[in-house]
Amino acid sequence: MKTHSINDPAPSARGPASAALLRVLTTPTERTGPELSVLADTVERALGTTEDILTDDDLQLTLYLLYLLHYGPVDFVHGDWEWDPELIRVRKQIEVQLEEVLRLRCPLPTVLPVNGEEVSEALFSMTADAARPTLATWAARHATVEQLREFLINRSIYTLREADPHTWAIPRLRGRAKAALVEIQTDEYGGGDPERVHAEIFARTLRNFDLDDRPDSYLDVVPAVILNSVNTMNLFGLNRCLRGATIGHLAAFEMTSSIPNKYYSRAFTRHGYGEEITRYFDEHVEADAVHEQIAGRDLAGGAADDDPRLIADIIFGASASLFADGLSGDHMHEKWTTGQTSLRHVQEGR
């Protein structure tokens, strides 16, 4: 098992925008005035020149670090930047473009559902094929131990904070939808038992695979397309006006989890790993089979009945969830089937 210092180092910059942000976050606050102006200008230029924000390492890391300020602890950050108005303004610049691209890539159907029952049926229809993803079924038959190691590393960026991005929506809902979201999240957080918290079960999986279980430990090697999937969750979760998208995102997330996790468990079992590794995936086969009904019918359906104005964003959020996760899965599948690593570079000292 690796040992680490308490004060973890800052991640490496991936371009001028993330470099400018890291200079702000790692510099004593009394000396950051000029750096904030440089950051705003640098991000504006990056947004104007990016070919695709979804795969832009620099912008995705920048947005990820801005969201990270709302979590924590983040040892490399000097000072309290969480609600700094200049950083919020920079974050909003990136969010606007990210949302625009997601809406462009995930267009709404011509005819939208009109009530909760129709929303639920639309979600089950949307997620039917995605519940049997190429990556999971391929991994169950072909993934090597090294590829499964990469899978855990890529997965760690979200899963060590599993459920947190969607929890932001709890105080923004009411009634049936709120109760449904609390029920799902209570299960994700172990029902009061810290040993059953899903993020902690995954942390034990990492330790048993001789990997680092600290959140963001592998941030330097995880590609932009993986960061985008987490940034999309936080975009929806941290903006009240997108609470409908959060509902749709979580619904699609839960409705496409049970079957893939069954195949991921098989992938590890095929290489001789036991319950110490597969428990996380086995837990989700059962739990998410229940969660998908709650999320699709009570959360999404309840929210739609309570406030029909949310319906368009519920469908958008579900579509964005499937799209972002599809990009991540396609990335790993393409790299592995062509004999390449899915990580940004070969790790050193891990």
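Trainee: Which residues lie nearest the centre of the largest pocket?

Mentor: Rolling a probe the size of a water molecule over the atoms shows where empty space is left. Here a pocket is an open set of points on a 1 Å grid over the protein atoms alone, where a 1.4 Å probe fits, with protein on both sides within 12 Å along at least five of seven lines. Lining residues have an atom within 4 Å of a point. The largest pocket is lined by 35 residues, and Arg155, Phe253, Tyr264, Asp325 and Gly329 lie nearest its centre. This is a predicted model, in which local features need pLDDT of at least 70 and side-chain atom pairs count only at pLDDT 80 or more, while totals for chains, interfaces and linings use all residues. Residues are numbered from 1 along each chain as its sequence is written, and side-chain values use heavy atoms, without hydrogens and water.

Trainee: Which helix gives the most to the lining of the largest pocket?

Mentor: Helices are DSSP runs (H or I, at least four residues), numbered from the N terminus. H15 (311-337) is one of the helices that each supply at least two lining residues, and H15 gives the most, with 9. Others include H6 (134-142), H7 (145-159) and H14 (275-306).

Trainee: What do the buried residues of H6 pack against?

Mentor: They pack against H7, H13 and H15, where contact means heavy atoms within 4.5 Å. Buried means under 20% relative accessible area (1.4 Å probe, protein chains only). In H6 the buried residues are Leu135, Ala136, Thr137, Trp138, Ala139 and Ala140.

Trainee: Why is H3 described as largely enclosed?

Mentor: 11 of the 12 residues of H3 are buried, so H3 is largely enclosed by the rest of the structure. The buried residues include Asp58, Gln60 and Tyr64. Together, the buried residues of H3 pack against H1, H2, H4, H7 and H11.

Trainee: Which residues touch the most other members of the largest nonpolar core?

Mentor: In soluble globular proteins, nonpolar side chains tend to be buried together. A nonpolar core joins buried Ala, Val, Leu, Ile, Met, Phe, Trp, Tyr and Cys residues through side-chain atoms within 4.5 Å. The largest has 78 residues, and Leu87 and Leu152 touch the most other members. H3 (residues 57-68) gives the most to this core, with 8 residues. Apart from this core lies another, of 26 residues, among them Ala180, Ala251, Leu299 and Ala318.

Trainee: Is Arg161 buried or exposed?

Mentor: Arg161 counts as buried, because its relative accessibility is 12%. Arg161 sits in the loop between H7 and H8 (164-167). Leaving aside neighbours within four places in sequence, its contacts include Tyr64, Tyr71 and Asp216.

How values were computed: Buried < 20%, exposed > 50% of the residue type's maximum accessible area, 1.4 Å probe, protein only.
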